[in-house]
There are 2 protein chains.
Amino acid sequence: MRIILDVQGGDRPASELIAGGLQAAEGLGLEVIFAGDRALIEGEISRRAKQRHLRAKQRHIIIHAPQIITMADSPIEAVRHKPESSLVRGIEYLRHGEAQAFVSPANTGAVMAAALLKLGRIKGIDRPGIGAIIPTITGKKVLVIDVGANVDCAPENLRQFALMGCVYARQILGVAQPKVGLLNIGSERRKGNVLALKTFFLLEQLGNFAGNVEGHQILEGAVDVVVCDGFVGNVLLKAYEGGAAATVKFLKQAISHDFFARLGAFILVPALKNFRRSLSAARFGGAPLLGVRGVVIIAHGNSDAEAIRSAIGVAANSVRSELIAKIERGLGAPSSAAGLALSEELPS
Amino acid sequence: MRIILDVQGGDRPASELIAGGLQAAEGLGLEVIFAGDRALIEGEISRRAKQRHLRAKQRHIIIHAPQIITMADSPIEAVRHKPESSLVRGIEYLRHGEAQAFVSPANTGAVMAAALLKLGRIKGIDRPGIGAIIPTITGKKVLVIDVGANVDCAPENLRQFALMGCVYARQILGVAQPKVGLLNIGSERRKGNVLALKTFFLLEQLGNFAGNVEGHQILEGAVDVVVCDGFVGNVLLKAYEGGAAATVKFLKQAISHDFFARLGAFILVPALKNFRRSLSAARFGGAPLLGVRGVVIIAHGNSDAEAIRSAIGVAANSVRSELIAKIERGLGAPSSAAGLALSEELPS
């Protein structure tokens with residue numbers, strides 16, 4: 001398996017992202033293709049090989065890219081005017097079938113624009129969505145889609161997120177009969193804004209709609225797939241992180257005076273930090289861009305080596321389970337393997 | 001000071017709400033007027049007096065209300081067709097100036113409809129907003145407005161929330177120069193949905209706009225007042241609660257095997273629960289409905305005696321600081337005591 005890693009355009013230096021790529025290649029037993037400045041990548045790879053006293057260094061394919069897309073660049077402009085960037089070149093390499101997935105910590109809007117322009121959308125999908133995989137206290141994982149690709153959505157977009165989300169939950173999260181929830185501010189069907197009210201009606205026509213879910217119910221594992229517009233989904237993720245982080249900080253403040261509490265906290269804090277980190281990983285560990293014709297994983301801009309390694313792992317799982325083909329099949333054929341009870345309104 | 005408590009229409013029995021009212025009256029040194037079924041209220045008050053062996057029981061004013069507005073009722077219909085409900089009668093009593101504030105755990109939509117119809121809006125306010133007071137790890141409190149009154153908003157609504165929020169922060173939270181943040185999904189001004197983009201432009205014209213804030217920054221006390229539409233604000237609050245609750249539950253799971261951890265947790269868990277509870281209190285402890293011509297405090301539907309007592313405390317603070325008059329003045333006069341740098345577009 002070959003996975004392209006865009007080592008430029010993230011917040012951290014390319015050397016750190018390259019380290020993550022090398023770790024993934026070794027740990028996950030796959031080939032990582034690096035997209036970025038050739039001299040920089042070669043230098044970094046050989047420096048790391050020397051550090052580890054490896055004589056025969058492994059050969060890596062490098063996609064040379066002299067241009068850099070920054071976080072401040074306007075997405076579509078950037079993709080059009082920087083054809084020699086690691087992002088555009090990497091996506092083109094994916095399109096040509098020379099690799100099976102693309103991972104990037106660059107400007108999210110630009111990744112999406114490049115994927116849309118170069119790979120195109122899956123038939124039946126109007127807008128791709130970014131899925132975040134969040135942990136719950138039961139150990140089960142939940143896919144929230146969209147968490148930032150589309151800040152203003154129509155009900156039909158959310159319906160399509162639900163369809164793709166179910167395929168993802170079956171194929172990647174291993175849920176045989178995924179339940180879909182609509183993120184809302186109350187459980188009753190009359191609750192919510194115009195988008196939620198209209199979406200409820202559309203989702204009811206799917207066989208596996210569990211109704212409205214509220215933010216505090218999601219982490220309890222109430223459903224498997226949560227749909228919402230990208231603005232609300234992004235607010236939700238950051239608020240989870242904020243609530244968990246504040247609780248951990250509060251804990252640290254509370255322990256300063258008591259010996260036993262300090263002892264207990266000494267043991268507990270690492271576990272708590274793990275949980276908090278796994279909540280953050282929803283944003284930091286690699287989020288699939290669902291709806292484009294290729295496996296594209298968005299890593300957080302601030303990804304370190306570990307986050308990059310994790311994002312490459314998410315990409316590898318998607319490739320192994322033939323996710324894209326299965327989403328295409330799930331959308332194209334009402335009684336397909338995806339097992340969705342689709343309405344007749346399904347775009348075909 | 002006289003505060004009306006609506007003891008019907010909450011999720012819990014009236015007896016529990018009455019207990020909260022009696023505690024508030026005693027603890028806060030004010031008079032609580034009970035709105036609800038007279039026989040029920042009188043019976044409960046005398047039962048509690050007997051329990052405590054009080055001979056001369058204190059007299060309480062009761063607003064008799066034979067009708068009940070339920071959580072399932074459509075707000076405007078309910079207010080129109082149940083004029084003898086505790087909600088409508090209580091609000092009318094407030095309008096007549098016979099009390100200074102009204103507290104209710106009933107159907108939020110119905111409380112808002114009754115307040116709008118009977119009390120009217122403050123001049124310059126198109127739609128009232130529900131403010132939630134949330135704790136931060138620094139100890140400082142932050143007002144988030146709106147958290148559920150208006151699920152679909154125009155930019156102008158958010159601007160008005162900002163103006164009212166600043167008066168609240170000055171008068172109730174004691175912040176001399178409150179900073180306003182716009183809840184968004186990134187710090188850059190070009191980020192966000194159509195509502196956020198347009199609102200940014202409007203808020204820039206206020207003197208105290210601190211720019212966009214993200215969910216995880218709010219609990220760190222980045223700003224004093226956060227504005228958003230009621231759908232997003234409600235999602236935000238519930239996600240904070242969810243993140244904090246999940247962290248506490250995770251902590252409990254983690255301690256099951258280690259003696260010192262168990263000992264530490266034994267000491268820590270109460271403190272953590274306090275923090276979690278204070279995050280919940282943002283929803284449960286009494287949220288001011290800002291923008292109507294009277295002090296109206298919305299208690300959570302599931303309020304227990306303690307939550308009711310807390311909501312009555314919030315009401316008392318608003319009355320004492322002459323909040324409504326100060327909001328009216330803040331909106332009416334650009335260089336008023338509210339100290340806002342208002343734009344020339346201010347409705348007058």
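Which residues in H1(A) meet which residues in H2(A)? Ala14(A), Ser15(A), Ile18(A), Ala19(A) and Leu22(A) are on the H1(A) side, and they meet Leu40(A), Ile41(A), Glu44(A), Ile45(A) and Arg48(A) in H2(A). Two residues are in contact here if their C-beta atoms, placed from the backbone, lie within 7 Å.

## Basis of the model

This is a predicted model, in which local features need pLDDT of at least 70 and side-chain atom pairs count only at pLDDT 80 or more, while totals for chains, interfaces and linings use all residues. Residues are numbered from 1 along each chain as its sequence is written, and chains are lettered from A and ligands numbered from 1 in the order in which they are written.

Chain A has twelve helices and eleven strands. Helices (H or I, at least four residues) and strands (E, at least two) are DSSP runs, numbered from the N terminus. Chain A has 348 residues, and 57% of them count as buried. A residue is buried if 20 or more other C-beta atoms lie within 10 Å of its own, exposed if 12 or fewer, and partly exposed in between, with C-beta atoms placed from the backbone. Among the contacts in chain A with a separation of 6 or more, 74% join residues 24 or more positions apart.

The largest nonpolar core has 228 residues. Such a core is a set of buried Ala, Val, Leu, Ile, Met, Phe, Trp, Tyr and Cys residues joined through C-beta atoms within 7 Å. Leu5(A) and Leu5(B) have the most contacts inside the largest core. Leaving aside residues up to four places away in sequence, Leu5(B) touches Leu17(B), Gly21(B), Val32(B), Ile33(B), Phe34(B), Ala35(B), Val103(B), Ile308(B) and Ile312(B).

## Helix H1 of chain A and its partners

Helix H1 (residues 14–28) of chain A packs against helix H2 (residues 38–51) of chain A at an angle of about 60 degrees, and their axes are 10 Å apart. Axes are lines fitted to C-alpha atoms, for helices over the stretch in contact, and angles run from 0 to 180 degrees between N-to-C directions. H1(A) and H2(A) are therefore oblique to each other; angles under 35 degrees count as roughly parallel, over 145 as roughly antiparallel, 65 to 115 as roughly perpendicular and the rest as oblique. H1(A) passes H2(A) in a right-handed crossing. A crossing is left-handed if the near helix is turned anticlockwise from the far one by less than a right angle, and right-handed if clockwise. The residues of the contact of H1(A) with H2(A) comprise seven nonpolar, one polar and two charged. Ala, Val, Leu, Ile, Met, Phe, Trp, Tyr, Cys and Pro count as nonpolar, Asp, Glu, Lys and Arg as charged, and the others, Gly among them, as polar.

The axes of H1(A) and helix H11 (residues 305–320) of chain A come within 7 Å and cross at roughly 45 degrees. That angle makes H1(A) oblique to H11(A), and their crossing is right-handed. The H1(A) side of the contact includes Glu16(A), Leu17(A) and Ala19(A), and the H11(A) side includes Ala305(A), Glu306(A) and Ile308(A). By class, the contact of H1(A) with H11(A) has eight nonpolar, five polar and three charged residues.

## A helix pair in chain B

In chain B, the axes of helix H4 (residues 86–95) and helix H5 (residues 108–119) come within 10 Å and cross at roughly 35 degrees. The crossing of H4(B) and H5(B) is right-handed. H4(B) contributes Leu87(B), Val88(B), Ile91(B), Glu92(B) and Arg95(B) to the contact, and H5(B) contributes Ala110(B), Val111(B), Ala114(B), Ala115(B), Lys118(B) and Leu119(B). These residues divide into eight nonpolar, no polar and three charged.

## Backbone features in loops

A cis peptide bond joins Ile145(A) and Asp146(A), with omega about 20 degrees. Asp146(A) lies in the loop between strand E6 (141–145) and helix H6 (155–171) of chain A. In chain B, the peptide bond from Ile145(B) to Asp146(B) is cis, with omega near 15 degrees.

Glu322(A) has phi near 50 degrees, a positive value in a residue other than glycine. Glu322(A) lies in the loop between H11 and helix H12 (323–332) of chain A, and counts as partly exposed, with 14 C-beta neighbours inside 10 Å. Phi of Glu322(B) is near 50 degrees.
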